[in-house]
Amino acid sequence: MCEPPAAPGAEEGNLIIDEASGDFFGVDAEGNKVKLTLEAQEKKYLDACNAYYNDKKPILSNDEFNALREDLAFSGSDVATMNRMEVMFMVAANRYAEGKPVMSDEEFDNIRRKLKARNSLAVVHKVPTCRIDTNTCKADLTVDGFKNAALYIPAVGIVTPICIMITVIQELINGPMGPIIGLLVNLPIIAAVSYVVKNYIIFQEPLVTSGSCPLCYTNQNVYFGDIVFAKGDSGKTEEITTQCINTACACQLKASRSRMVIESAMAKETAAA
Ligand SMILES: [Zn+2]
């Protein structure tokens with residue numbers, strides 16, 4: 001969790017708390033009191049954590065910070081319980097969306113990957129993913145466990161009849177071994193041979209992922225790997241280019257296996273805005 005800024009020097013006044021209603025207010029450019037929405041409170045909290053950790057210059061007093069954190073936790077916001085790395089990620093994502101990145105793309109993707117591996121709420125928390133300066137939008141890919149398992153079906157379909165034939169031959173030579181023993185003998189062989197057939201013969205190191213098009217948010221599968229050496233390439237497919245399955249969108253998508261992201265160019269209207 002982001003610790004309160006033990007903050008000598010932090011001036012009160014950045015945040016106004018209405019004692020009666022418990023509402024939080026900020027001050028706009030003209031000096032008017034403006035009620036903060038939950039999103040604005042989250043941003044204020046993240047900015048306060050960032051100011052403490054990175055700038056070493058607190059922007060909220062201890063009391064303001066604690067009151068803000070308590071209110072966010074009470075409102076059910078994930079942000080109030082985030083740890084240092086999650087806060088860094090959230091701040092970076094906000095800055096990235098504003099076109100003022102605070103870290104390189106590699107660093108950002110690296111933190112995103114680590115957090116994703118820990119099932120952190122920070123990576124699924126709603127953050128804008130379009131970047132104005134590079135004109136790209138990106139979304140996360142996740143492994144589609146069900147479809148990856150389904151890739152075994154053709155391999156098992158090929159291997160099982162072969163094993164049954166072998167059993168029949170064994171039984172002709174050695175006498176009947178019974179269905180249970182037959183199964184116990186054959187199961188590890190079916191599993192091992194199916195694995196090899198699936199991963200190295202039918203498909204080459206396949207991975208089925210799913211993600212949303214960063215432009216139209218249509219969920220779709222992205223398939224990494226080759227089918228029966230279709231492209232004559234036995235190496236791991238690192239990047240693939242495909243088209244959004246939503247025909248109304250049909251934008252070009254670029255997916256990266258190691259970074260587990262899918263990217264598109266920013267929509268023209270969005271880019272112009
Ligand atoms: Zn699309």
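The points below are grouped by topic.

This is a predicted model, in which local features need pLDDT of at least 70, side-chain atom pairs count only at pLDDT 80 or more, and totals for chains, interfaces and linings use all residues. Residues are numbered from 1 along each chain as its sequence is written.

**Confidence**
- The protein chain has an average pLDDT (the predictor's confidence in each residue, from 0 to 100) of 77, and 82% of the residues score at least 70.
- Confidence is highest in strand 9 (residues 252-256), at a mean of 93, and lowest in helix 9 (residues 268-272), at 46; helices (H or I, at least four residues) and strands (E, at least two) are DSSP runs, numbered from the N terminus.
- Over residues 269-273, pLDDT stays under 50.
- Where pLDDT is low, the predicted coordinates should not be read in detail.

**Nonpolar cores**
- A nonpolar core is a set of buried Ala, Val, Leu, Ile, Met, Phe, Trp, Tyr and Cys residues joined through C-beta atoms within 7 Å; buried means that 20 or more other C-beta atoms, placed from the backbone, lie within 10 Å of a residue's own.
- The largest core has 26 residues, and those touching the most other members are Tyr45, Leu46, Ala48, Leu68, Val87, Phe89 and Met90.
- Helix 3 supplies the largest share of this core, seven residues.
- A second, separate core of 11 residues includes Cys137, Cys213, Leu215 and Phe224.

**Helix 7**
- Helix 7 (residues 152-174) has 23 residues and spans 31 Å from its first C-alpha to its last, close to the 33 Å expected at 1.5 Å a residue, where the expected span is 1.5 Å times one less than the number of residues.
- Gly175, with a positive phi near 90°, follows helix 7.

Terms used:
Contact = placed C-beta atoms within 7 Å. Buried ≥ 20, exposed ≤ 12 C-beta atoms within 10 Å, placed from the backbone.
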